[in-house]
Amino acid sequence: MTTVLGIEGTAWNLSAAIVDEDDVIAEVTETYRPATGGIHPREAAQHHAMYAAVVIERLLNEFREKGHHPKDIDAIAFSQGPGLGACLRTVATSARALALSLDIPLVGVNHCIGHIEIGRWKTPASDPVVLYVSGGNSQVLAHRAGKYRIFGETLDIGIGNALDKFARSAGLSHPGGPKVEEYAKEATGYVKLPYVVKGMDFSFSGLSTAAKDALKSSSLEDVCYSFQENAFAMLVEVTERALAHTGKSEVLLAGGVGANMRLREMLDVMCDDRGARFYVPERRFMGDNGAMIAYTGLLMFRSGTTTPIENSHVDPSFRPDTVDVTWIADKHQEVL
Ligand code: AMP
Ligand code: MG
């Protein structure tokens with residue numbers, strides 16, 4: 001049995017977990033909640049620095065209470081990026097200190113791949129097209145020739161940020177995504193808003209600004225509804241084309257925005273039409289969580305990938321398609 005401790009803290013959520021091949025053994029989370037406005041990177045990093053030791057201590061206590069001992073841990077995984085620089089540095093510092101004090105290897109994990117791997121672990125999906133939609137990221141990915149390739153992505157901000165930004169301009173508190181979903185249910189009409197898909201990429205910042213302007217002449221409910229219809233249709237369109245292009249037969253939804261029931265419904269309809277299976281992990285594994293970093297670290301560690309301290313610098317724009325997926329045997333084997 002391999003056992004790995006993983007720490008996530010790329011943005012608002014500081015979360016640490018210990019997993020083995022079978023399940024999550026322990027998980028402790030402390031969430032940063034901005035008093036006003038959106039996420040302030042420096043405040044979020046201060047939050048993580050303040051709670052890092054407490055979270056790890058509580059995690060190890062929980063681990064001991066379940067009959068384990070810290071010496072059972074084989075490696076320390078951490079979110080190496082993408083994310084907010086100050087938050088990433090705080091988490092990496094804690095991870096290095098832990099790895100050194102327990103004298104075990106460090107494993108730097110790409111946060112986006114963490115979302116994919118926990119979805120493959122906790123749902124029956126095995127080789128899916130992944131729609132990863134969160135605050136800072138929006139990407140359509142799939143495994144091919146040894147890498148998670150990015151088939152389409154946002155050209156500017158993540159869908160979650162676009163929803164939060166628009167919601168803030170409408171006077172709603174952070175996070176705005178769930179509030180927009182609630183208002184959208186009460187809509188009585190559709191308002192024309194931009195729909196921006198360029199090739200396989202999409203863009204949300206113009207939509208967010210146009211939605212803010214639309215509030216001058218339309219109801220909040222109608223604008224929320226129209227925002228969702230356009231943004232989600234853009235995401236579903238690109239996901240559908242990635243399915244057609246790769247010939248895969250599964251779609252996996254990942255990231256915090258995946259909590260949205262309207263997005264799920266639209267993906268479900270598209271998958272039904274194409275005869276593809278649609279998978280959504282349990283809520284606790286959708287948003288940022290320590291288990292996804294620990295589990296991806298476990299897969300990497302088991303396939304021989306570790307990160308020497310001198311290579312453990314963080315990368316705020318770490319791209320998932322730069323990581324060698326050493327833990328999946330490649331069915332395609334084609335040379336790109
Ligand atoms: P993550 O970065 O993956 O942790 O996800 C956080 C983002 O998810 C924030 O931008 C939230 O506004 C967004 N979010 C959470 N729940 C919902 C929802 N029900 N509908 C739309 N967005 C949501
Ligand atoms: Mg995320």
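Student: Which residues are the closest to ligand 1?
Tutor: In this predicted model, where local features need pLDDT of at least 70, side-chain atom pairs count only at pLDDT 80 or more, and totals for chains, interfaces and linings use all residues, side-chain values use heavy atoms, with hydrogens and water left out. Residues are numbered from 1 along each chain as its sequence is written, while chains are lettered from A and ligands numbered from 1 in the order in which they are written. Around ligand 1 there are 17 residues, a residue being near when one of its heavy atoms lies within 4 Å. The closest of them are Trp-12, Asp-164, Glu-181, Gly-256 and Asn-260.

Student: Which helices each supply at least two residues of that shell?
Tutor: The shell around ligand 1 divides into 6 nonpolar, 8 polar and 3 charged residues, with Gly counted as polar. Helices are DSSP runs of H or I with at least four residues, and strands are runs of E with at least two. Those that each supply at least two shell residues are helix H4 (159-169) and helix H5 (177-184).

Student: How far from a nitrogen atom of ligand 1 is the polar side-chain atom of Glu-181?
Tutor: A polar contact is a pair of N or O atoms within 3.5 Å. On the backbone side, an oxygen atom of ligand 1 is 2.8 Å from a polar atom of Gly-256 and an oxygen atom of ligand 1 is 3.5 Å from one of Val-257. For Glu-181, whose polar atom belongs to the side chain, the distance to the nitrogen atom is 2.8 Å.

Student: Which residues are the protein donors of the magnesium ion, ligand 2?
Tutor: Donors are N, O and S atoms within 2.8 Å of the metal (3.2 Å for Na, K and Ca), and here they lie 2.1 to 2.7 Å from the ion. Their spacing in sequence is H-x3-H-x16-Y-x155-D. The donor residues are His-111, His-115, Tyr-132 and Asp-288.

Student: In which loop is Pro-175 found?
Tutor: Most peptide bonds are trans. The bond from His-174 to Pro-175 is cis, with omega near -5°. Pro-175 is found in the loop between H4 and H5.

Student: What is the phi of Asp-103?
Tutor: Asp-103 is found in the loop between H2 and strand S5 (106-110). Most residues other than glycine have a negative phi. For Asp-103 the value is positive, near 55°.

Conventions:
A polar contact is a pair of N or O atoms within 3.5 Å; within protein, one must be able to donate a hydrogen and the other to accept it, and residues adjacent in sequence count only if both atoms are side-chain atoms.
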